[in-house]
Amino acid sequence: MDESQILRLNVGGYIYTTTRSTLVKYPDSMLGVMFKGDIPSKTDQDGNFFIDRDGQMFRYILNFCRSGKLCLPQNFLEFDLLENEADFFQIQPLISSIATARQHENKENLEVHYVEIVEVRTGTTATMPSKNSRVKTILLGRKEDLLALPSNIIGEEAAERLECKNGSNYVELEIYGSNMRIQLADFLSNNGWINENSDLSSSSCLPKGSNILCIEQSYRDRWKIYRHICR
């Protein structure tokens with residue numbers, strides 16, 4: 001067959017003009033098989049080759065066959081539909097390009113939120129690390145993220161205390177009770193948060209006039225989650 005032959009296609013009511021060489025560029029694809037003559041092709045009443053697929057999406061399919069590049073408009077949102085069409089035509093490089101473009105688009109529309117949990121335990125060699133050691137837990141993060149934490153953990157009055165803090169990007173909240181760090185870790189891990197890192201540091205000192213060693217241990221957990229940006 002003459003690959004320089006000009007063909008007209010009717011794809012779902014949209015008319016396209018191209019060459020046979022463009023359509024058979026990927027010979028193992030559905031288009032390659034159709035226009036090499038391996039399977040019979042239907043025509044409409046005007047003699048155009050008819051393909052019963054999404055005519056609007058076909059522009060991206062055809063342009064990929066022409067250039068080998070996936071060119072999508074800015075803020076393109078119809079990835080599901082385009083993936084479905086690419087899967088039908090079985091153009092493997094196009095399928096891979098769509099997956100890459102979709103990952104890039106998802107990253108562009110995501111931002112990372114962080115919550116840090118700092119637990120400070122102070123006591124002596126006689127009390128550490130028993131329940132008799134003094135425990136202070138501090139949360140750091142966006143106000144909206146801290147307000148989304150369960151009130152039975154951060155306290156019923158937490159919302160009121162947070163509202164008094166200026167700024168929404170990074171605020172600090174001290175909470176009270178035992179095992180707060182563990183309870184928060186359970187909640188965050190069950191709600192899509194990822195523990196990015198955990199650190200433990202310790203220090204000790206001998207107060208003047210005392211022979212009892214004072215110890216301070218600090219646990220710091222950093223959690224993150226990806227959220228869609230509201231545009």
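Author: What follows goes through sheets, helices, cores and single residues in turn.

Reader: What should I know about the model and its numbering?

Author: This is a predicted model: local features need pLDDT of at least 70, side-chain atom pairs count only at pLDDT 80 or more, and totals for chains, interfaces and linings use all residues. Residues are numbered from 1 along each chain as its sequence is written, and side-chain values use heavy atoms, with hydrogens and water left out.

Reader: Why are β7 and β8 said to stand at the edges of their sheet?

Author: Start with the terms. Strands are DSSP runs of E with at least two residues, helices are runs of H or I with at least four, and both are numbered from the N terminus. Two strands pair if DSSP finds at least two bridges between them. Here five strands form an open, antiparallel sheet in the order β7-β6-β5-β9-β8. β7 (171-175) and β8 (194-205) each have a single partner strand, so one side of each is left without a neighbour in the sheet. From one strand to the next, the twist averages 15°.

Reader: How do you know that β8 and β9 pair?

Author: 11 bridges join β8 to β9 (residues 214-228). Two would be enough under the definition. In this antiparallel pair, S202 stands opposite Q217.

Reader: What makes β5 and its partners paired strands?

Author: Again, the bridges. β5 and β9 share 15, in the antiparallel sense, and E111 has R227 as its bridge partner in β9. β5 and β6 share eight, also antiparallel, and E119 stands opposite T137 in β6. β6 and β7 pair over five bridges, with L139 opposite L173.

Reader: Why is β5 called largely enclosed?

Author: Buried means under 20% relative accessible area, exposed over 50%, and partly exposed in between (1.4 Å probe, protein chains only). In β5, 11 of the 15 residues are buried, so the strand is largely enclosed by the rest of the structure.

Reader: Which strands stand at the edges of the four-stranded sheet?

Author: Its order is β2-β1-β4-β3, and its pairing is mixed. β2 and β3 (42-43) are the edge strands, each with a single partner, so one side of each is left without a neighbour in the sheet. β3 pairs with β4 (residues 49-51) over two bridges, in the antiparallel sense. T43 has F49 as its bridge partner in β4.

Reader: Why is α3 called oblique to α4?

Author: Axes are lines fitted to C-alpha atoms, for helices over the stretch in contact, and angles run from 0 to 180 degrees between N-to-C directions. Angles under 35 degrees count as roughly parallel, over 145 as roughly antiparallel, 65 to 115 as roughly perpendicular and the rest as oblique. The axes of α3 and α4 cross at roughly 55° and come within 9 Å. That makes α3 oblique to α4. Contact means heavy atoms within 4.5 Å. F58, Y60 and I61 of α3 make it with L82, E85, A86 and F89 of α4.

Reader: What makes a set of residues a nonpolar core?

Author: The members are buried Ala, Val, Leu, Ile, Met, Phe, Trp, Tyr and Cys residues joined through side-chain atoms within 4.5 Å. The largest core has 27 residues, and L9, L31, F35, F58, I61 and I91 are those with the most contacts inside it. Six residues come from α3, the largest share. A second, separate core of 19 residues includes I153, V171, L173 and I225.

Reader: Why is Q90 called partly exposed, while G13 is called exposed?

Author: Q90 has a relative accessible area of 35%. That falls between the 20% and 50% cut-offs, so Q90 is partly exposed. G13 has 58%, which is over 50%, so G13 is exposed. Q90 lies in the loop between α4 and α5, and G13 in the loop between β1 and β2.

Reader: What is the phi of Q90?

Author: Near 55°, a positive value in a residue other than glycine. Most residues other than glycine have a negative phi.
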